[in-house]
Amino acid sequence: MAITERVEKIRQNYVNTKPHISYERAWAWTKSFQRTEGQAHIIRTAQAFKDTCEELSVNIWEGELVVGTSGEFRKCAILTPEFGWLWINEEMDTFPERGQDPYDVTPEQAKFIRENIFPYWKGKSVEEAFLARISEDTKKIGVDTGFLDTDSKWRNGIGEISADYIDVLLPKGYGGIKAEALDYMAKLNEAIPEDKKKIDFYKSMVFIADGMIALGRRYSAKAAEMAKAEADPKRKAELEEIADICARIPENPPKTFREAIQFVWFVQLGGIIAENPLAWNPGRFDQYMYPYYKADEEAGRIDYDTALELVECLWLKYSEWAWTISKNTASFFAGYTNFENLTVGGTKVDGTDATNTISYMAIQATRECMTHQPTLSCRIHPDCPPEFMEAVTELVSTGCGFPAIHGDRTGYQMLSNLGYTPKDARDWNNCGCVVPHSRKTFEWTSAASISFAAALEFALNEGKSRLSGKQVSLPEKDPKTFASYEEIVEAWKKQFKYLVKQGVISLVTAQEIHREIGHRPFMSACNEYCMKNGADLVDGGAKYSIGPVFTGVGLSVTANSLAVIKKLVYEDKVCMLSDIIDAINANWEGYEDLRAKALACPKYGNDIDYVDSIARQLADFYYDEVTSYNDLYGNHFVTAFMGISNYLPTGKVLGATPEGRHACDPINEGVSPYTGTDTSTCLAALRSAAKMEHEKHSGGTLLNLRLNHDLVATKRGRANLGAMLQSYFALGGFHVQFNTISNEVLKDAQAHPEKYRSLLVRVAGYSAQFTNLSKEMQDSIMARNAHEAF
Amino acid sequence: MAPSGYVMNLQPFSVNDGDGIRTTVFLAGCPLHCAWCANPEGCNQTRKVGWHIRKCIGCGECAKVCPQGIGIDLNAEREKCIACGKCVEVCPQKARVLMVQKMDADEVLKQVQTHRLFYSYSGGGITFSGGEACLQPEFLNYLTEQIYDMGYSMDIETCGVFDFEAVRPSLSRMDLIFMDLKHMDSAAHKRWTGAGNERILENMAKLAELPAEVVVRIPCIGGVNADEDNIRRSAAFVHRTLPKARMELLPYHEFGKIKYEALGIPYEHPEFLRPSKEEMEHLRGIVREEGVEVADFR
């Protein structure tokens with residue numbers, strides 16, 4: 001079936017409109033906090049949520065079947081000053097014109113925000129608390145540096161939660177959650193201190209439920225009112241149906257597929273209002289939606305096409321909400337991407353194949369809508385049905401960069417290694433870009449970005465930044481006096497250890513602050529064990545509290561650089577270490593011959609053990625070092641090689657590197673080879689990446705590859721792609737994602753963006769509309785090497 | 001002891017020469033000399049070094065190590081080159097490449113096994129090609145015997161000119177045999193390839209004695225063999241001699257030009273035309289009319 005006229009209209013609006021900043025949520029939240037001074041923070045947060053749900057303007061847009069918006073604009077970006085407002089105050093006036101992820105905001109809005117909202121939060125935000133508590137040393141290396149960044153944990157809402165639709169939300173509804181909270185509360189004794197704290201928690205659950213129920217009812221009333229005024233009988237009937245559904249949803253458990261879709265969106269919207277979160281994951285959509293579809297279909301209440309249109313309407317709702325982030329954060333998470341990760345496929349908890357009609361419907365909706373959200377992930381198990389593999393690879397062949405493809409067993413193993421039960425581990429869903437996750441979990445999945453290449457720069461530059469000359473890290477001896485390769489590796493380790501330590505300090509500080517003023521009653525209401533334990537997520541209420549995740553960036557650049565030094569200086573002896581130091585200090589200018597030799601050294605991504613073994617050594621050290629620290633809750637920190645778009649900002653702050661890279665050029669994401677250096681074959685690139693022992697990096701690993709489109713243009717070619725995926729997963733790989741659009745098309749899109757508004761491309765761990773990316777991001781995507789078939 | 005043989009290169013991730021993901025082993029030396037040959041380095045078994053001028057940055061590392069005193073422009077002094085490969089080792093751009101080398105069979109086996117997982121999942125394996133894959137029967141026999149025991153699928157591409165009995169054991173181990181049929185008219189065949197087609201037709205008929213599937217391939221070159229009459233006669237012959245065989249028609253391409261350039265051999269053939277998509281479809285239609293199934297490995 002082709003996309004319906006309704007969906008196409010909504011889609012056109014989505015691709016052609018810039019998101020608009022709305023302060024409705026921030027204003028309502030602020031007024032509520034002004035009224036609740038002195039009360040427990042969790043209560044204040046929950047009360048603010050309820051008040052906001054009762055105050056936000058209610059808008060039903062043209063043609064909508066799924067309703068609910070976070071403000072007065074259809075493509076809406078909201079503010080959460082309680083986390084951070086300094087950066088908004090500083091950057092707000094440049095929002096409309098900035099290169100990456102601009103938002104519309106009027107001067108009148110800006111004035112209102114500055115006069116009425118920010119003054120209240122002065123000295124009260126998470127950001128200010130963080131900056132007040134950390135030392136100068138930590139600030140020097142870990143705040144807005146590109147060497148080590150943790151600001152997504154103290155400038156924005158956290159997110160990184162997978163709603164438990166299966167055990168909590170769908171079967172209970174918010175009416176049920178409220179009743180349960182009241183039940184628990186009735187059994188507690190306020191005179192006992194532990195009980196008192198739990199009472200506050202349950203009270204906050206009631207506020208959250210009341211807020212959600214109010215939200216539904218307000219939409220019901222609005223739809224009824226609009227239906228009365230509607231002249232078109234068809235639309236009138238639709239509005240009446242919306243009014244009917246929202247009168248029951250989300251208070252009551254949904255009874256039909258249509259109700260369940262609306263329910264899922266209300267939950268999503270609630271999370272947005274509560275935190276404006278990153279990686280607020282719908283989770284295993286095919287698993288919890290299929291029973292509704294099956295029942296409706298058997299009862300003759302729905303057919304495939306009707307259900308598909310609803311799913312597509314939901315996809316557009318996911319995409320119309322824009323995450324509001326700083327210029328710095330936008331360079332890490334380019335393309336308005338908020339990582340609403342939705343997972344299909346894989347196995348059921350009993351180990352049998354889990355694919356169903358909704359798995360295919362989700363893939364079809366992504367192909368037809370070409371929206372950048374949800375971030376669609378597929379789990380591929382060894383006995384994956386060929387039809388599902390064909391659907392997955394067929395979507396790859398469209399070039400949209402979706403889906404993110406994951407090895408089922410590796411995901412399972414990653415969670416097992418963190419102590420999950422087999423049942424919970426088998427039920428994993430994806431979080432954010434490439435993090436194996438669970439609806440039973442509290443975890444900061446993208447907590448620190450740590451640059452392997454920065455540690456090398458410090459090791460070879462006396463602890464100073466090569467570009468700024470500033471001493472930001474530990475002192476080190478004159479690099480020209482290193483006597484052996486091993487000594488250089490040791491120096492890298494010393495610097496890297498320091499980065500890890502500063503990251504740990506930053507994150508534990510952020511955790512302390514969140515435990516004081518970062519309560520998450522809305523998210524806790526979506527978590528089965530918080531309700532059972534009577535404790536918020538930040539108080540360890542979840543079944544699994546997992547340590548914060550570091551994500552390593554620049555693995556291949558660093559391994560390649562060390563290989564160059566090892567080979568040219570200490571083995572082939574064609575140059576001195578001082579030559580290399582002079583060359584990178586000169587950004588290779590005047591050292592073209594030496595650079596050619598450096599480029600000719602073995603590069604990671606070609607299945608050459610000489611250099612791959614160095615990468616593995618670095619990865620192993622990273623794991624040992626990071627996991628040796630415990631967080632505030634006593635859980636060890638976790639490693640990942642994720643992507644996001646951090647390879648650009650982390651490259652921009654670095655001088656030239658020994659493997660031939662020029663100053664400020666991007667480094668590399670995840671376990672991907674460095675751009676353009678995986679010159680052998682796709683198979684060799686996969687084999688190199690698989691050597692990194694993915695299963696112990698439980699925060700997820702990411703591999704981006706470009707494929708020549710011809711390779712996936714035929715069914716036969718796609719079957720080969722499927723075989724490549726299964727081979728990679730058999731080798732222990734976790735995730736791979738492909739760009740298959742030719743550079744000719746991308747160049748044309750750069751020149752004529754108006755023709756390509758809906759062109760989706762892979763960035764890293766996610767896809768974004770190509771024309772929404774800055775020029776440098778576009779260029780870096782084109783520079784990735786395309787693997788061709790011969 | 002394992003024999004050694006002349007190899008052009010091993011090409012992992014080949015997806016158009018048989019089923020699944022394959023490694024193609026290109027064996028050097030060829031009894032034919034087709035005017036349009038896309039792999040000119042494989043026309044004989046001489047070790048040779050190529051120079052890809054487009055990759056060369058003129059750093060001169062090659063000249064520094066050359067025992068024969070050859071400069072950067074290898075093609076200007078090619079007669080002095082002894083293909084020792086020293087320049088290949090030092091070239092930072094991989095602009096100097098060994099285009100034919102002698103390889104130990106066990107080294108070939110080691111390399112092709114690297115990708116065994118990809119073969120298993122895709123139903124792929126190893127394809128022998130060339131040059132002419134059947135020109136080194138002992139080498140081929142050793143390789144195919146070993147690979148047969150490893151259980152990977154094996155295919156072979158051949159021009160059809162070979163001593164059938166010498167390679168019968170190897171051919172018996174194949175899952176699929178691609179045999180070229182460049183022209184039904186022996187005189188025309190001789191004009192374009194240097195030899196008549198009698199031996200080819202004879203060997204093709206014998207393929208019926210082997211368990212392998214057969215695909216008869218025609219490189220369709222406008223101005224040479226891509227006319228209705230030749231295609232019809234070819235298809236009729238295949239239908240008559242090998243009723244179960246399929247045919248694959250491939251349009252002429254000029255991807256080999258870069259290799260001529262690297263070897264300093266002129267390649268000017270404006271008379272060869274690449275048939276259009278429509279023409280190719282038309283020719284495939286004729287094959288079908290003659291009762292032969294058309295194969296497609298794209």
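Author: In chain B, 10 strands make up an open sheet with mixed pairing, in the order β3-β4-β1-β2-β5-β6-β7-β8-β9-β10. Strands here are DSSP runs of E with at least two residues, helices are runs of H or I with at least four, and both are numbered from the N terminus; two strands pair if DSSP finds at least two bridges between them. The model is predicted: local features need pLDDT of at least 70, side-chain atom pairs count only at pLDDT 80 or more, and totals for chains, interfaces and linings use all residues. Residues are numbered from 1 along each chain as its sequence is written, while chains are lettered from A and ligands numbered from 1 in the order in which they are written.

The edges are β3 (48-51) and β10 (293-294) of chain B; each has a single partner strand, so one side of each lacks a neighbour in the sheet. The partner of β3(B) in an antiparallel pairing of four bridges is β4 (residues 96-104) of chain B. Within β4(B), B:Val100 stands opposite B:Lys48.

Helix α5 (residues 137-150) of chain B packs on the sheet, where it touches β1, β5 (125-130) and β6 (153-158) of chain B. Contact means C-beta atoms, placed from the backbone, within 7 Å. The direction of α5(B) makes about 155° with that of β6(B), with axes fitted to C-alpha atoms, for helices over the stretch in contact, and angles running from 0 to 180 degrees between N-to-C directions.

Turning to the other chain, 18 residues of chain B are in contact with 19 residues of chain A. On the chain B side, β1 (4-14) and α4 (116-122) are the elements that give two or more residues.

Methods: Two residues are in contact if their C-beta atoms, placed from the backbone, lie within 7 Å.
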